[in-house]
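Please keep the model open alongside as you read.

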Amino acid sequence: MGSPPAITVTDQDPAMKVAIAQEFPETRHRYCMWHIMTKVGDKVGTDLARNEEFRPELNTVVWNDASTTANFEHAWKAVMEKYAITENSWLKHMYDERASWVPACFEGFFMGGLLRTTSRSEAENRIFRSNTNKHLCLTEFFIRFESTVRKQRITHAHLSGASNAQTPPFKTPLGIERHASELYTLTVFYDVQEEIIASCFECRVRAVTIGDGIKTYEVDDKRGTQYGLTVENVTMIMHCPCRMYTRIGLLCRHAFAVLIYERVDSIPPQQITSRWTRNAITEYEDELKKYGYGGAITGNEAGDVINTFYRCLGIAKGDSLKLQQMCYVLSDMETTWCGHEEVQVDAASGKQAIMESYCGVPAPETITVHQPPVTSNKGSGKRMRSAKELAMKEQNRKKHTCKTCGMAAGHNSRSCPQK
């Protein structure tokens, strides 16, 4: 929306690497970890790939979000030396490019707990690819695209309605837990609730040191690890060595232990990431309006009415009484607006008005649409399969069996040795 992305995740396609560096020089390029880790079995050899201890140890080193760069480098070398693979060329190359895919090397970047693989974009591609194909004309493509987007918005409206209508069960009598339930969505609240419970039963503030404009709290967890959490006196911003807030945007159990120690009943506003709140979409729409972006979601009253309608529909959740109340209110509005005159409203004209408002221009009288050239996008053609994939395909293929002995030993009933 007017600025390049702070970070982008792709596979190890060299063309993508060059293009991103040229078009988005300020964007941090990250490789998909899933694509890299699936190649480990093919690169280290058969014996080590079957080792039941090697893969868990390597995953512990690589997928550790809380690790630092120095800790990762030390743990990586320890695993390489233990299994005698320090001279593996592929592993050496991936270690040299660790700044492009290892989570420990992205300490200062907000990941939201999501941006490690391309799974989210792949899922979105699957949704649209299942409803479209390259042989559609422009009109058919737009109709299917609109239908797919509408389904996603309806699902989002149902989830928003359920989040606003339900009150989650509380596990503690703390006011900060109730504030979190009012602030975050249900899914995010359950993650925050786990941190609050852990702060009560697994963490303890051992000491408090007052410095020059900074308070330092020594917090211990159940494993005996000590964390020096600092709080700035002016801004009240908290910094914890576990860096959970920097990585995900949610306060950690050590921060909640300090807030409970100071008898704070609400999460500080400067420690709230709007991405995880219930009104995140509303704040996003307001931000777009501020910068003058048009469209149905940015200041279009018709879009606001549709969003409100679906939110109410999600809150109703099939309750006949609530649905009757909605129908009564809408019918009363229709009667009031139409008055005593019989006004015929065409549904198509209403939709056309919405589309013209969305585009900002009226529909032209004549439209000339040319058949687009059929092209294949990236990744749609055949690709080279690895030896592992070919072996799995060959193993799953149905083999011919002998009708005499019933064995798939490369002979038939004529040449069967048991005949």
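1. The lining of the second largest cavity consists of 9 nonpolar, no polar and no charged residues. For these classes, Ala, Val, Leu, Ile, Met, Phe, Trp, Tyr, Cys and Pro count as nonpolar, Asp, Glu, Lys and Arg as charged, and the others, Gly among them, as polar. The lining residues are Ile36, Met37, Val40, Leu58, Trp76, Trp90, Leu91, Met94 and Trp101. Helices (H or I, at least four residues) and strands (E, at least two) are DSSP runs, numbered from the N terminus.

2. How large is the second largest cavity? Its volume is about 40 Å³, and the count comes to 2 cavities of 30 Å³ or more. A cavity here is a set of points, on a 1 Å grid over the protein atoms alone, where a 1.4 Å probe fits but cannot get out; lining residues have an atom within 4 Å of a point. Grid points are joined across faces, edges and corners, and the volume is the space filled by probe spheres set on the points.

3. A word on the basis of all this: the model is predicted, with local features needing pLDDT of at least 70 and side-chain atom pairs counting only at pLDDT 80 or more, while totals for chains, interfaces and linings use all residues. Residues are numbered from 1 along each chain as its sequence is written, and side-chain values use heavy atoms, with hydrogens and water left out.

4. For the overall picture, the protein has 18 helices and 6 strands. Of its 419 residues, 27% count as buried, where buried means under 20% relative accessible area, exposed over 50%, and partly exposed in between (1.4 Å probe, protein chains only). Among contacts (heavy atoms within 4.5 Å) between residues at least 6 apart in sequence, 53% join residues at least 24 apart.

5. The largest nonpolar core has 29 residues, and Tyr184, Val192, Phe256 and Ile267 are those with the most contacts inside it. At least two residues each come from α10 (175-183), α11 (186-201), β4 (214-220), β5 (226-232) and α13 (253-261), with α13 giving the largest share, 5 residues. A second, separate core of 28 residues includes Ile36, Phe54, Phe72 and Trp90. By nonpolar core I mean a set of buried Ala, Val, Leu, Ile, Met, Phe, Trp, Tyr and Cys residues joined through side-chain atoms within 4.5 Å.

6. Just after α13, Arg263 takes a positive phi of about 60°. Which residues does Ile267 contact, leaving aside neighbours within four places in sequence? They are Ile176, His179, Ala180, Leu183, Tyr184, Leu251, Phe256 and Ile272.

7. Arg275 and Tyr184 are 91 residues apart in sequence, yet 9.2 Å apart in space, C-alpha to C-alpha.

8. On to the sheet: 4 strands form an open sheet in the order β3-β4-β5-β6, with antiparallel pairing. Strands count as paired if DSSP finds at least two bridges between them; β3 and β4 have 6, in the antiparallel sense. Arg204 has Asp220 as its bridge partner in β4, and Val208 has Tyr217. The β3 and β4 hairpin has 3 residues between its strands, and Gly213 in the turn has a positive phi of about 75°.

Terms used: On a 1 Å grid over the protein atoms alone, a cavity is a set of points where a 1.4 Å probe fits but cannot get out, and a pocket is an open set with protein on both sides within 12 Å along at least five of seven lines; lining residues have an atom within 4 Å of a point.
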